[in-house]
There are 2 protein chains.
Amino acid sequence: MKQVALVAFMFGAFSAGSAFAAGGREIVLQGTDAVPACSSCHGVKGTGNPDMPSARLAGLNAGYIIRQLDSFADGSRKNDTMGPVAVALSETERKAVAAYYAGLPAPKAAAAARDASKIAAGAAFARMGDWSRGIPGCSQCHGPDGSGVGALVPRLTGQSAEYIEAQLKAWRAGTRKDDPMGLMGGIARKLDKTEIASVAAYYAAAPNVPAASLGKALTKTSSSGSGKTATFVPPPDSAIPDNDFGKMVRLGENIFRDTQRYAAQYVGNTLNCQNCHLDGGRMADSSPLWAAFGEYPAYRSKNKHVNSYAERLQGCFRYSMNGKVPALGSETLLALEAYSFFLAQGAPVGVDMPGRGYPALKKSAKPFDYARGEKVYKRSCALCHGANGDGQKSADGLSVFPALWGAGSFNWGAGMGNIKNAAAFIKANMPFSQSGTLTEQEAWDVAAFVDSHERPQDPRFTGSVAETRTKYHNGATWMYGRTVNGALLGAHSPPSGRR
Amino acid sequence: MKQVALVAFMFGAFSAGSAFAAGGREIVLQGTDAVPACSSCHGVKGTGNPDMPSARLAGLNAGYIIRQLDSFADGSRKNDTMGPVAVALSETERKAVAAYYAGLPAPKAAAAARDASKIAAGAAFARMGDWSRGIPGCSQCHGPDGSGVGALVPRLTGQSAEYIEAQLKAWRAGTRKDDPMGLMGGIARKLDKTEIASVAAYYAAAPNVPAASLGKALTKTSSSGSGKTATFVPPPDSAIPDNDFGKMVRLGENIFRDTQRYAAQYVGNTLNCQNCHLDGGRMADSSPLWAAFGEYPAYRSKNKHVNSYAERLQGCFRYSMNGKVPALGSETLLALEAYSFFLAQGAPVGVDMPGRGYPALKKSAKPFDYARGEKVYKRSCALCHGANGDGQKSADGLSVFPALWGAGSFNWGAGMGNIKNAAAFIKANMPFSQSGTLTEQEAWDVAAFVDSHERPQDPRFTGSVAETRTKYHNGATWMYGRTVNGALLGAHSPPSGRR
């Protein structure tokens, strides 16, 4: 273990600059004249102490640790012990400590999985949240594996339950408020004690959680999103029957929520189905599956013939996922169809249900504008989707925030490449967990900005951008085939890929 | 024309015996000492006279004409002119006259298509009937082409509207009652004046009816069958939209009602979908499509996996139609899915609706019995399905009454090969247009009789009847693999075919 730590330390030192890391180790183990040794609370191996509780720091992202020290120092994160410590550390020392801890191996799990029902409830909540109250699943930002995203979102696995609980309560009480865009406070204030306790228990035990307890315990009706227009409530996950049909539904849900892992062979970018269909396809005004399922077979002007639901799903893979089309009759399509059917239970066939698709926006008052959109993007989108629109992955490499343009995004054939659709989606659903905070004009502008970037070629490309525009993108809300910043969109499509 | 009539006469004479036909011609054209010339009312060419109205006899089935003369003679068909004429004709003379008229070419149509809206309404009614009042479409027994079936059901096309109207009114009034099993009287008593007039107008003009007027004009809600358990009413045909989607729905309906013509390449027997799913898949307790559509994807024990609706449809072709399976994504499956979807409009997804499938029967009080079943069959089924269970076709060769066993029937893999299913279907739906007249015991017995006959092999045949029985037919209500009348069922399956 020591050897591993040492190797990690050396690599850490190499990557962060040796002066920092060396100093970091001394500060952690011995302290400075002004501060006690960090290890006295956080442990020599950075594992933290559940009894205090203090944080597990080993393996946390260095940038994230620095941000926390900054927060302690400026008071946006209140803590009687850490406040003075952070103030006493110089910027150089903060970086050194952060780099040292980041280099230590993260413990696999903070605690053995014990209280099975609590953990199972936490696992389900971490995955699904409760969108009827506007709460996304934790995994939506912390990653499907809970390993965190860069300096933005901390790894949760391996953290003690006590510490996670204390932090969620601090977010809720407002004693911790250094979260970008107020994302975490907004969510924590909606959580009740039981949810906090179960989620904390889950992440403390993760990933060593018995597979059987995953995704099964949610008994509440996860619904259609707060403040949304739907009147239909799909059945809860707990209603999935425990038989062969239920297995197919669960597979469908897994594919839908974590397409990168469960349908990897058909995916050519960084997206999961639920990036555009929030809450695992349950959310109203976010193209919910329960409203889509009963609408097929239907004629689609996109391909000018009557499409079965299975063919409609193929379209998603071809364009939005920029991938390969699963064959009709394949388990992937069947599972997605079974999951959609399950969610649609009780919904009427052939009826245009409130909450279907995205609510259409009025034409923007001012013409949509790239420059205004860029400002909105930087303020409200870049945090998660990245300054270059290429999204972010979890520490352990799973796609968390989808790429909005470039090689890792949807291709030009996708509906989202049409500003009209993107604006409608954004207005109703973005920023994530803060929907409704953008004006219609802002939604139009930022959608125009996003859709004015290059992305993988339309699979129907005829060989000519002009001709392809005329055939498939011939409208005022398509940027394909137009020149932006001196470059003809569609002419320089990147090779597609999952990055 | 004279020459044609002569040739027809010669062939008629040849087939029916020259003594009869020669005598027939003389009687028709000159009369006898006791009767006037038939031609004085029915015309020299047998075309009938709409002004009287008298029947068009040219091209009618000889057996049917003989039966009518017998009915006039014994008074079961009352007519002041024809009664004395028929009595005055000897049996030999009746046969001669019948053979002569049967040999004359049937006119293409009795009248030019004039009143388009009346004809269109009649065309729709002839096709669909109104099962909400227990009225099947005329085409169900007179054939999709109206050419009639053997001596049992007369050709209607080419008959004058006046004559058809007069006959329907006679059935309704009870002055004509020579119909086998009371089938025609039972139906005519439910018809109103408008229906009688429009149907008569349609058949008088058929087949020279503008294609555009076919299958479009029914504005009533053709519903779920009288006395049935359903609460759901599918939308009327008139609600099929006039666009590309509607075209697909109409194709699906055509395939469903007239599978022999619209999906010929996938059919290996004499059946149409609506033989088991009455009223074009609308009828409750007859496996209606509107109840089936929203139940898929679903796990089926038959093939031990989750089936999409499309795969479920494939199963019908493989077993019930003893045919070839249309590929997933084929127009045939898509059209059937679109038609089902149309009928299910407003029905809830995933809900077991009243009227779905066939109402399960209680276990029969006495064990089902071949000999008792045979009696029921002869009394109530053989008229349409034939003494040998091989069904009947229309005069012009279209399948009308499906074969119940033998080469032209469903194969051993079909659900109907299970006595339990067959009995449930029969009890709820047979005899055609007279459902509810058999007791449960009679339904069990006649189902056992039907399913105790050889039929095409189960496509899953392993090479051994015993093994195939064990794998797929191992229940008390399957006769496959049992010995009946000294023959092992399944061991002598006929080559499949459409006859």
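α4(A) passes α6(A) in a right-handed crossing; a crossing is right-handed if the near helix is turned clockwise from the far one by less than a right angle, and left-handed if anticlockwise. The structure is a predicted model, in which local features need pLDDT of at least 70, side-chain atom pairs count only at pLDDT 80 or more, and totals for chains, interfaces and linings use all residues. Residues are numbered from 1 along each chain as its sequence is written, while chains are lettered from A and ligands numbered from 1 in the order in which they are written.

**Packed helices**

Two packed helices are described by the angle between their axes and the distance between the axes. The axes of α4(A) and helix α6 (residues 91-103) of chain A come within 8 Å and cross at roughly 140°. Here, axes are lines fitted to C-alpha atoms, for helices over the stretch in contact, and angles run from 0 to 180 degrees between N-to-C directions. Helices (H or I, at least four residues) and strands (E, at least two) are DSSP runs, numbered from the N terminus. α4(A) and α6(A) are therefore oblique to each other. Angles under 35 degrees count as roughly parallel, over 145 as roughly antiparallel, 65 to 115 as roughly perpendicular and the rest as oblique.

On the α4(A) side, the contact is made by A:Ala62, A:Ile65, A:Ile66 and A:Leu69, and on the α6(A) side by A:Arg94, A:Lys95, A:Ala98, A:Ala99, A:Tyr101 and A:Ala102. Two residues are in contact if their C-beta atoms, placed from the backbone, lie within 7 Å. This contact of α4(A) with α6(A) has eight nonpolar, no polar and two charged residues. In this classing, Ala, Val, Leu, Ile, Met, Phe, Trp, Tyr, Cys and Pro count as nonpolar, Asp, Glu, Lys and Arg as charged, and the others, Gly among them, as polar.

In chain B, helix α9 (residues 161-173) and helix α11 (residues 193-205) pack at an angle of about 140°, with their axes 8 Å apart. α9(B) and α11(B) are therefore oblique to each other, and α9(B) passes α11(B) in a right-handed crossing. From α9(B), B:Ala161, B:Ile164, B:Glu165, B:Leu168 and B:Lys169 take part, and they meet B:Ile196, B:Ala197, B:Ala200, B:Ala201, B:Tyr203 and B:Ala204 in α11(B). The residues of this contact divide into nine nonpolar, no polar and two charged.

Another pair is in chain A, where the axes of helix α7 (residues 116-128) and helix α11 (residues 193-205) come within 7 Å and cross at roughly 95°. That makes α7(A) roughly perpendicular to α11(A). Among the residues that make the contact are A:Ile119 and A:Phe125 of α7(A), and A:Val199 and A:Tyr202 of α11(A). By class, the contact of α7(A) with α11(A) has 11 nonpolar, two polar and two charged residues.

**Domains of chain A**

Chain A is divided into domain 1 (2-103), domain 2 (116-218), domain 3 (238-343) and domain 4 (370-488), with bounds that come from an automatic or database domain assignment. The centres of domain 3 and domain 4 of chain A, taken over C-alpha atoms, are separated by 22 Å. In chain A, 14 residues of domain 3 are in contact with 17 residues of domain 4. Helix α16 (residues 309-320) of chain A gives the largest share of the domain 3 side, three residues. That side divides into four nonpolar, eight polar and two charged residues.

**The two chains together**

The contact between the chains takes 26 residues from chain A and 26 residues from chain B. On the side of chain A that touches chain B, the elements that give two or more residues are α12 (244-257), β1 (298-300) and α17 (331-343) of chain A. α17(A) gives the most to that side, with four residues. The residues of the side of chain A divide into 17 nonpolar, seven polar and two charged.

Chain A can be laid on chain B with an RMSD of 0.1 Å by a turn of 180° and a shift of 0.0 Å along the axis. The two copies are thus related as by a two-fold rotation axis. In chain A, the C-alpha nearest the axis is that of A:Pro348, 2.1 Å from it.

**Backbone details**

Most residues other than glycine have a negative phi, and most peptide bonds are trans.

A:Asp279, a residue other than glycine, has a positive phi, near 55°. A:Asp279 is found in helix α14 (residues 278-281) of chain A.

Key:
Copies are superposed by least squares on the C-alpha atoms of residues with pLDDT of at least 70 in both.
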